[in-house]
Each structure stands twice: as structure tokens, then as C-alpha cells.
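Let's take a friendly walk through this model together. Have the sequence and the 3D view ready, and follow along one region at a time.

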Amino acid sequence: MAQTPRYRFAPSPTGYFHVGGARTALYNWILALQTNGVFVLRVEDTDDSRNNPQWTQGILDALAWLGIDSSDSHFEGPYFQSANAALHVAAAEKLFEQGKAYYCDLSTEDIQKRAKESGKQNERQGYDGYSRDRGLGPGAGHVLRFRVPEGSTIVQDQVRGEVVFDNSTIEDFVLLRSNGSPVFLIANVVDDITQGITHVVRAEEHLPNAPKQQMIWRALGHEPPSWAHVPVLVNEQRKKLSKRRDKVAVEQYRQEGVLADAMKNYLMTLGWAPTGDTEIVPFQKIVSEFSLSSVNHSPAFFDIIKLQSFNADYIRAMSLGDFIAACEPWLLGEKAPWLAEKFDAKVFAEIAPLVQTRVQLLQEVPSMVDFLFCDLPTIDDVSYAKAFSTDWAVPTLVAIRDGFKTCEWKAESLKGVVDKVGEQNSLKLGKLQAPLRVAVTGRSVGPPLFEPIEVLGREVTLKRIDAVLVKKVS
RNA sequence: GCCCCCAUCGUCUAGUGGCCUAGGACACCACCCUUUCAAGGUGGCGGCACGGGUUCGAAUCCCGUUGGGGGUGCCA
């Protein structure tokens, strides 16, 4: 009987959780779902200098947002690497006892100096194996290094196939720092072994670590896992997405009103594509179709414009009720640009269908409806200048106002009033409505005009028109 | 420098030797629809990096060149 596949995602909490990490997590998650395996979450929190509990919580929240959390039986963890430090050290010491690792007292400066003096940098890279046979034991200032064997190391990668590394190009890397603490290379492997990980799926930047880690697995007496190194995500400069330079925080996209489903779907089209002629597909289809062997080998550009397009698609596909519910965080509370008591859910519900086809991000919703919940709209200067640049703007607006005073207060009738003024002045509705729109909404673009005007009511509408006419005169 | 990975429209991709005068999506442009803006519809622009092979036949296989990327820490 084949053992249950155990995948893992091992982020380090050193900053906002980023989209590249989200994609790697998604890969592992989908694979676990697909094989009825396990997704192990392990937080690699061993870098005290950069660690922060806040980041850990951010990772947990973001994963949960994407639907990856303990409410699903395939999820296991989170484990914290820092809790296993003793195991890491013990494993390293075992390697020392077996002669598979040795201590060295050279400092980083010493190593650089030796490398420079020898002139050759291709052998054992920076470190030349100086202490291999000096028989040093542990001690102050001593690091433990892995004794890289002769020969070559073949990494079987599910994305890239066979990748061969000549061991002579791999230096005797550090296992234990001079302060006795284990480094990533061994901590990661020991945790994978103790957690029974069978499949390591991670970003390509780890490919050079694979031969080293594979050697550790074997030295520790275990068969290495199945490896898969997926291409990295890059920015427009084709550089690996970086936390400091690029907009990469999953949380930030979430706050702007990107839907989790849209984010998941978009992320999965980077380096891979579902069958059929559309990339926008249900997550279930992705789960059933995804395979590592069909993942592309080259880096993919994280295109925010396309993400937004996906998001707009997902927004339009929502039921009206779901859309209204999804808008809530931007309508109520601090994010809303109006006074809480001014907001009227019923009014919003009426205009919501008109808003739904017009936003790409949920955060754009308030600006489409704010004129309904403010006393007087804030007039956008550019829109105003443009709308009132013609000599007919004021007279026609006055005529419209007069018509509004007495007409039936229904969208069709209101439109009728404006149509009539248009006929009298030989102006098309498209042009004629501009000054009215600016007066009522403050902007030159927005949802269809007459429905909101009906909702606003006669008194408020006339007040706004008058306010703009006064502004024009002054 | 050294090691490794990669190479289809601007971008994300389909394509696994004949179905390819290379398909879709985003972006862009035009037109239609239209109450501005969207949405929707129709159409357009635009690509197999280059050079050698292999083969009856290559975007697909091999080699080289060029170009990108990743790594090269007592970070993870």
C-alpha cells in the first residue's frame, strides 16, 4: 500500500505574507487535496532577528482567507520550527560522530582571504575544506560543516526532470553556527524527516539547496522526498518579486477588495493553465486538472492588471446578495467616506446592480455611491470644469431644474424632462447630462443617473443643482 | 567569476514531430450597443530569440550562440 502523500508549506515569518508564497501554498494544498494527502504547515521561525509573531498571524490569516486552514481535514499544523531546535542539533551532532561533518574554526574573513589567495574560485566555491582532516571538536567560534562527498548528486525534480550537480562545485556548507544554532539547511531537513514529508514543492530559488539537502537526508539514513521546484514570480523588470520593492502582500490585495477566489484562480494561471478556452474556472476544476509535470519552467510576471480583470469577472459573477454582503467592509465602519448614520443599506441595495458591473476592486465601491450618503457631493474640479465649459451648460441645467420641480419623481419621467430640454437645444442626452451628473454626483462618470436621482428625492436633487449653479455664478 | 534553471504575441498561457497559414486570455485599437462610465457583442494589432543539425516533415528532438532568471551567507 502506498503511503499517504505528505506535502508541506514552510514559510518564514519575516514580513507580510506574499503572493509568491500564496502560490506555493496553493500548489501544495491542491496536491494534497488531489491525492487525499496531507498539507503540513510549518512556520520556520528560527531567525530571531527578523521574526515577529505578527507575521506568523498574518500568514495564518492569509492562508485561511484562501481556504487553507484546519477546518479541512487535509490540513495539519501549524508546527513551529523553533520548537524542534534540540532535534536539529542532535541530528547535526550525529553527523559529526559519524564523520559526515566536521568542525572548523575559520571565520568568514579567513575563508575569503584563503579564497582570494588561492585564486581559484571554482573548487568548493568559497570554502576550500581547510578543516576537513584537522580533527577539531566543538568549541567557541567553531562551526560544524557537512563533509560533501565525492561524485555527483542527482535531484529528481517533478517539474524539471533530472538535475545533476557535480559535488565538487558544492562547498562544505555550515550545519551549526559558531553559537551552536542550526541553520536552515539542516533544520528544514530534520523537520521534514520527523514530520514524514514525502513531497517538497517549493520555489525555484531553492533548487540549489536541493542537492545539499538531499545529501543530508541520505547522511541521516533516509531516502529523500520527491522534489518539485516551481518557477518564481517576477515583477515587470523580470526580477524575483521582493517584499521591499514590489507590491506583494496578500493582505494588501485583500484590503483593496480582491476576492479570494479571484486571487486563487489568477495565481494558478501563472505557470500553468486549465484546459479549455477560458482561464477563469472553478477551483474544483483546478484541483482535478492540476499537475506538476505541466507547470511551466520559466518565471511568470505577476500582472496586477490581469488580476484585477479576473477580480472584476468574479465580482460580476456574484449574486446580488453576495455582492452586497461582500461590499459591507467598505460601506460600514472606518473605511466608509461618509458618516455611519448617513448610510442607508436599502438605498445601496437599489443601486448595487449598477455598481456591480463597474468595479474591479471592492474598494472602488464607495466612490461610486458616496454621493447618495453625503449632504452635498464633493465636486471634482476637473469634471466640473469640463462639464461647465460650454455656454449651454448653465441654461440647460436651469431648464432641467425647473422641469424637475414639477415632474413625476420617477426615473423615466426625470429622463423625459432631460430629453425634452435636449430636443429644445438640439443636444444629445450623452452631452446634456454631464452638468447634471456633476451637480448630483460630483463626478463626470458613474452609474446611470436617473435611478440614483429618483432615490435621492426631489428636495435633495434641487438643492444640489442650485448649489452648483451658485458655484458657477460666484 | 562559478553552479544551476529557462526561452511561443507587450503580458499569462495552449501546443509533447504532421490537426499550426500557431489557439485562448489580459492589455491596446476600431466598430456596434448605449444615459457618462462600465458591462456585452464584433473585428483588429501582435509571437515560436538566433544559427546549425536530426527527420519525408520541427514551435515541438539534439548542439551551439545570444538573451533572461535563480543561487553562490554562521538568512530562510
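Of the atoms of RNA strand B within 4 Å of the protein, 71% belong to sugar or phosphate, and the rest belong to bases. This is a predicted model, in which local features need pLDDT of at least 70 and side-chain atom pairs count only at pLDDT 80 or more, while totals for chains, interfaces and linings use all residues. Residues are numbered from 1 along each chain as its sequence is written, chains are lettered from A and ligands numbered from 1 in the order in which they are written, and side-chain values use heavy atoms, with hydrogens and water left out.

Around RNA strand B you will find 63 residues, the closest being Arg177, Arg238, Gly271, Arg358 and Gly446; a residue counts as near if one of its heavy atoms lies within 4 Å of the strand. By class, this surface has 22 nonpolar, 21 polar and 20 charged residues. Here Ala, Val, Leu, Ile, Met, Phe, Trp, Tyr, Cys and Pro count as nonpolar, Asp, Glu, Lys and Arg as charged, and the others, Gly among them, as polar.

Now look at individual atoms. In the side chain of Lys239, an N or O atom is 2.7 Å from a phosphate oxygen of RNA strand B. A polar backbone atom of Thr357 is 2.4 Å from a sugar or linking oxygen. For a base, turn to Arg437, where a side-chain N or O atom is 3.1 Å from a base nitrogen.

Among the elements that each supply at least two residues of the surface near RNA strand B are β5 and α17. Helices (H or I, at least four residues) and strands (E, at least two) are DSSP runs, numbered from the N terminus.

Let's follow β5 first. In a regular strand, side chains alternate between the two faces of the sheet. In β5 (residues 143–146), Val143 and Arg145 point one way and Leu144 and Phe146 the other, and all are buried, meaning under 20% relative accessible area with a 1.4 Å probe, protein chains only. Strand β4 (residues 101–104) runs antiparallel to β5 and is joined to it by four bridges; two strands pair if DSSP finds at least two bridges between them. Ala101 stands opposite Phe146. Two bridges also join β5 to β8 (residues 174–176), again antiparallel, with Val174 in β8 as the bridge partner of Arg145.

Technical notes. Buried < 20%, exposed > 50% of the residue type's maximum accessible area, 1.4 Å probe, protein only. Polar contact = N/O pair within 3.5 Å; in protein donor to acceptor, adjacent residues only side chain to side chain.
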